[in-house]
Amino acid sequence: MAIAAPDGWQTGAGAAQPALRVADLHKRYGKFDAVRGISFDVQPGEIFGLLGPNGAGKTSTLEMVTGLRDATAGKVEIFGIDIARHRAEARALLGVQLQESDFFDHLTLKEQLEFLGACYGVKPDTGALLGYVDLGDRPNWRLKQLSGGQQQRFALAAALVNDPPLVLLDEPSTGLDPTARRQLWSLIRRLQEGGRTIVLSTHYMEEAEELCDRVAVMDRGVIAGIDTPLALIHELIATGFKREVVVRDATLEDVFLHLTGNTLEGEPTDGRQKENSHGNQ
Amino acid sequence: MATSEAILAHGSAARRTSPPWWSGLVAATISEIKSLYREPAALAFTLGQPIVLLVILVAFDFHTTLPNGKVVPYLDVLVPGLIAFIGMTVGLNGVLFPLSRYKERGILRRVAATPMPTGSFVVAMIVSRLLIALAVTLITWVFGVYVFGADLTGSAFLLIAFATIGSLAFIALGIVMVAFARSEDDVAPLMMLVLIPSILFSGAFLDRSGLPDWLHWITSGLPLTFLTDAVQQIANLGHGLSDLGTDILGLAIWCVGATILAAWRFKMA
């Protein structure tokens with residue numbers, strides 16, 4: 001595939017240096033402390049998750065990592081480059097998918113990627129990028145012609161125009177149905193296999209457990225816990241925590257599928273077919 | 001720092017074309033030009049506006065007296081007035097609506113996360129709008145002179161060049177308004193705030209000599225008053241740049257003032 005990871009930054013000398021270093025980072029808006037002194041390192045090749053409820057400070061943290069917001073205090077380094085001091089150099093190593101950001105209506109998918117590439121001073125392989133997110137047959141489509149899942153996949157392709165070793169994804173699967181979400185997870189895993197480092201924020205625990213090598217749980221601007229998902233689970237069990245287990249023969253999802261006549265793949269269920277034939281009588 | 005250098009060399013540096021400030025500026029200019037011709041309704045409005053206004057205003061069949069005492073048909077002062085007015089609307093509309101939409105929808109935020117400096121994007125907006133201003137000024141001049149028969153005695157080149165460059169003041173003003181607007185909804189009222197006094201008091205459509213002294217004095221500082229006065233002097237009196245010192249100074253003050261405000265307040269994200 002054309003979007004192979006460039007050599008050199010996941011092995012050798014690069015391995016000793018974190019892909020991302022966040023040191024004692026603070027963000028204050030007026031009298032409100034959104035981020036209150038967080039520190040963590042992300043190693044090359046990792047998928048690192050920032051978990052937390054809305055308002056935990058995840059987006060503020062990612063905005064400071066991208067240099068979109070200045071930190072009130074603390075430091076962010078991308079492969080050793082201080083983003084506050086060398087913004088352009090650090091951003092050249094960074095691919096971003098941001099929340100609440102959009103693309104131009106008047107450009108085709110191919111043109112959007114070319115435009116963003118030009119903003120990094122590079123000429124991206126748009127065919128390979130669109131092929132990677134399964135939109136290779138639609139280079140001349142406009143964004144508004146795509147479904148929500150396709151748009152999110154396109155945003156992922158757009159995050160790769162500069163062939164970045166570190167990719168930041170801010171709640172990449174928000175608003176997607178379960179099928180589209182799983183497709184996106186598979187794409188993110190392939191990015192990791194290509195050698196890229198990924199930092200993603202999410203409030204879906206399943207997503208974090210499924211994808212992330214390590215997670216930092218954020219709450220009210222601080223990191224409440226940081227480890228592998230399994231280690232955090234074991235840590236909780238060790239405190240004597242026991243989850244209440246309720247076994248039912250069906251879930252609300254089963255009810256939903258029965259009533260709407262759809263499976264996750266869009267196949268009609270037997271229940272719906274019976275309902276239809278009953279209705280036709 | 002050696003590792004960082006190696007990363008740069010192995011990553012995007014391998015396919016680097018030119019510095020982001022330059023390649024981004026060129027790409028953003030092309031993108032903005034595409035945004036204009038790919039929206040047929042907006043394009044028709046922009047290019048057709050002067051023709052529609054000419055068709056309507058040519059119905060006012062009366063004569064007016066120039067500062068040199070010469071009596072000429074209204075059309076002869078209307079065409080340069082319209083050229084100035086169109087320079088203003090292209091400058092203001094062309095920046096206000098798209099830029100506020102880009103800002104509200106987070107498009108600017110996405111662009112701001114790249115290494116391209118904000119200035120490159122702003123310059124791309126300015127260059128693309130100047131090209132449109134040039135096209136619309138030319139259309140107005142061609143239709144005014146060759147279709148409707150206006151008799152413009154001055155240099156056509158100077159008229160068109162001055163009106164096009166004069167629209168810079170309004171482009172800068174548009175960027176300032178976007179910087180101060182809290183949302184896309186604020187933009188239309190802000191535009192009316194400039195548009196209404198400009199239509200009524202700048203001299204583009206109505207003779208300023210009938211205004212009371214105090215209103216004449218206040219509205220002599222409007223940017224469109226300077227631009228209208230300059231293009232009418234060029235077109236109707238055959239004046240050159242050396243006669244337009246006050247108008248050039250007035251427009252330059254608006255332009256520099258707006259640019260300073262925009263540089264201070266305008267943010268992509």
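In the predicted model, strand β4 (residues 73-78) of chain A runs antiparallel to β5(A), and two bridges join them. Strands here are DSSP runs of E with at least two residues, helices are runs of H or I with at least four, and both are numbered from the N terminus. Two strands count as paired if DSSP finds at least two bridges between them. Within this pair, A:E77 stands opposite A:D82 of β5(A). Both strands belong to an open sheet of four strands in chain A, with the order β2-β1-β4-β5 and antiparallel pairing. Its edge strands are β2 (32-42) and β5 (81-82), each of which pairs on one side only. Helix α2 (residues 58-66) of chain A packs on this sheet. The helix touches β1 (20-29), β2 and β4 of chain A (contact: heavy atoms within 4.5 Å). Its direction makes about 120° with that of β1(A).

A parallel pair also occurs in chain A. Strand β6 (residues 94-97) of chain A pairs with strand β7 (residues 166-170) of chain A in the parallel sense, over four bridges. A:L94 stands opposite A:L166 in β7(A). In a regular strand, side chains alternate between the two faces of the sheet. In β6(A), A:L94 and A:V96 point one way, while A:G95 and A:Q97 point the other way. All four are buried. Buried means under 20% relative accessible area, exposed over 50%, and partly exposed in between (1.4 Å probe, protein chains only).

Chain A as a whole has 11 helices and 10 strands. Of its 281 residues, 48% count as buried. Among contacts with a separation of 6 or more, 65% come from residues 24 or more positions apart. The chain exposes about 13,600 Å², and carbon and sulfur atoms supply 49% of that area (Shrake-Rupley method, 1.4 Å probe).

One residue of chain A, A:L211, lies in helix α8 (residues 205-211). A:L211 is buried, because its relative accessible area is 4%. Leaving out residues up to four places away in sequence, A:L211 touches A:I47, A:W185, A:I188, A:R189 and A:L200. A:L211 is 139 residues from A:T72 in sequence, and their C-alpha atoms are 31 Å apart in space.

Two helix pairs were examined in chain B. Two packed helices are described by the angle between their axes and the distance between the axes. Axes are lines fitted to C-alpha atoms, for helices over the stretch in contact, and angles run from 0 to 180 degrees between N-to-C directions. Helix α4 (residues 74-104) and helix α8 (residues 187-201) of chain B pack at about 175°, with axes 11 Å apart. They are therefore roughly antiparallel. Angles over 145 degrees count as roughly antiparallel, under 35 as roughly parallel, 65 to 115 as roughly perpendicular, and the rest as oblique. Residues making the contact include B:F85 and B:M88 of α4(B), and B:V187 and B:M191 of α8(B). By class, this contact has 11 nonpolar, four polar and no charged residues. Ala, Val, Leu, Ile, Met, Phe, Trp, Tyr, Cys and Pro count as nonpolar; Asp, Glu, Lys and Arg as charged; the others, Gly among them, as polar.

Helix α7 (residues 156-180) and helix α10 (residues 223-237) of chain B also pack at about 175°, with axes 10 Å apart. These helices are therefore roughly antiparallel to each other. Their contact has 13 nonpolar, one polar and no charged residues.

Residues are numbered from 1 along each chain as its sequence is written, and chains are lettered from A and ligands numbered from 1 in the order written. In this predicted model, local features need pLDDT of at least 70, side-chain atom pairs count only at pLDDT 80 or more, totals for chains, interfaces and linings use all residues, and side-chain values use heavy atoms, with hydrogens and water left out.
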